[in-house]
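Keep the sequence and the 3D view open while you read.

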Amino acid sequence: MRIAVVNCNTTAEMTARICAAAASAARPGTVVAGVTPPWGVPAAEGFADSFRSAASVLDAVAGLDADAIVLAGFGEHGREGVRQLVEVPVVDITEAAVMFACLLGMDYGIVTSQPTAIGPIRQSLQAMGLYGRCAGIRATGLPVLAIDASGEEVLAAFLAHSEALLANGAETIVLGCAGANGLQEALQEKLGVPVLDGVRAAVALCENLVCQGLRTSKAGAFKMKPSL
């Protein structure tokens with residue numbers, strides 16, 4: 001099985017780290033292939049970045065040789081467009097993390113990067129029909145690439161905002177940035193609640209969908225546009 005993990009930005013180093021996380025969660029025999037868009041934005045941190053990112057990702061996935069695709073941009077636009085463009089299963093890390101969180105608790109909270117990222121994330125949750133179970137979305141104020149580099153400052157920021165979300169009624173925590181993968185173990189130990197990384201969750205869903213022989217429905221919204 002071959003899973004393409006598509007970064008939403010043009011930072012190749014981030015793609016490599018995301019793919020390492022995806023490969024660590026994959027079953028034996030699953031090949032994880034990273035895809036970095038050749039153009040777009042170095043980091044997606046708001047509506048303007050998100051729409052540019054969506055267009056670049058649509059270009060990047062055209063013609064991909066993969067059994068499933070992971071979209072590794074948390075809250076970024078383009079999910080539905082990619083599903084219309086391809087037949088293989090497409091799993092967005094936002095959906096994957098939140099769906100897992102909803103299996104493990106009633107309400108979830110999300111910790112993300114910049115305040116400008118909150119709007120696109122909220123829209124994504126509303127589109128998937130699970131915003132009603134969101135106890136809150138909090139921004140650390142850290143740039144995406146700083147989160148990807150990790151470090152004690154990043155962990156401390158995610159911990160503080162996670163604790164605030166738990167105090168507000170969250171029962172699980174979702175890492176709202178692909179670059180935050182790797183923090184979940186330390187946070188889970190400190191918080192005592194499930195902490196979800198969308199990259200690993202998306203890989204698990206892709207593998208399951210492929211093993212069941214399931215593909216994206218083309219009966220309605222995701223029907224392919226006829227070639228001109």
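## Basis

How many salt bridges does the structure hold? It holds nine. A salt bridge here is a side-chain nitrogen of Lys or Arg within 4 Å of a carboxyl oxygen of Asp or Glu.

This is a predicted model: local features need pLDDT of at least 70, side-chain atom pairs count only at pLDDT 80 or more, and totals for chains, interfaces and linings use all residues. Residues are numbered from 1 along each chain as its sequence is written, and side-chain values use heavy atoms, with hydrogens and water left out.

## Helix H1 against helix H9

Helix H1 covers residues 12–25 and helix H9 covers residues 198–211. Their axes come within 8 Å and cross at roughly 50°. That angle makes H1 oblique to H9. Angles under 35 degrees count as roughly parallel, over 145 as roughly antiparallel, 65 to 115 as roughly perpendicular, and the rest as oblique. Axes are lines fitted to C-alpha atoms, for helices over the stretch in contact, and angles run from 0 to 180 degrees between N-to-C directions. Helices (H or I, at least four residues) and strands (E, at least two) are DSSP runs, numbered from the N terminus.

The crossing of H1 and H9 is right-handed. A crossing is right-handed if the near helix is turned clockwise from the far one by less than a right angle, and left-handed if anticlockwise. H1 contributes Ile18, Ala21, Ala22, Ser24 and Ala25 to the contact. H9 contributes Val199, Arg200, Val203 and Glu207. Contact means heavy atoms within 4.5 Å. By class, the H1–H9 contact has six nonpolar, one polar and two charged residues. Ala, Val, Leu, Ile, Met, Phe, Trp, Tyr, Cys and Pro count as nonpolar, Asp, Glu, Lys and Arg as charged, and the others, Gly among them, as polar.

## Salt bridges across the sequence

Asp148 pairs with Arg17 in a salt bridge, the closest N and O atoms being 2.4 Å apart. Asp148 lies in helix H6 (residues 144–149) and Arg17 in helix H1, so the pair ties together parts 131 residues apart in sequence. Asp148 is buried, at 5% relative accessible area. Arg17 is partly exposed, at 39%. Buried means under 20% relative accessible area, exposed over 50%, and partly exposed in between (1.4 Å probe, protein chains only).

Glu87 and Arg215 also meet in a salt bridge (3.4 Å, N to O). Glu87 sits in the loop between helix H3 (79–85) and strand S4 (90–92), and Arg215 in the segment after H9, so this pair links parts 128 residues apart in sequence. Glu87 is partly exposed at 37%, while Arg215 is exposed at 52%.

Arg79, Glu80, Arg83, Asp92 and Glu95 are linked in a network of salt bridges. Within it, Glu80 bridges to Arg79, with the closest N and O atoms 3.0 Å apart. Arg79 is buried at 5%. Glu80 is partly exposed at 36%.

Which residues does Ser124 contact, leaving aside its neighbours within four places in sequence? They are Gly75, Arg79, Asp92 and Thr94. Ser124 is found in helix H5 (residues 118–128) and is buried at 6%.

Ala26 lies in the loop between H1 and strand S2 (31–35). Ala26 is buried at 18%. Leaving aside neighbours within four places in sequence, Ala26 is in contact with Val32, Val203 and Glu207. Ala26 and Ala201 are 175 residues apart in sequence and 10.0 Å apart in space, C-alpha to C-alpha.
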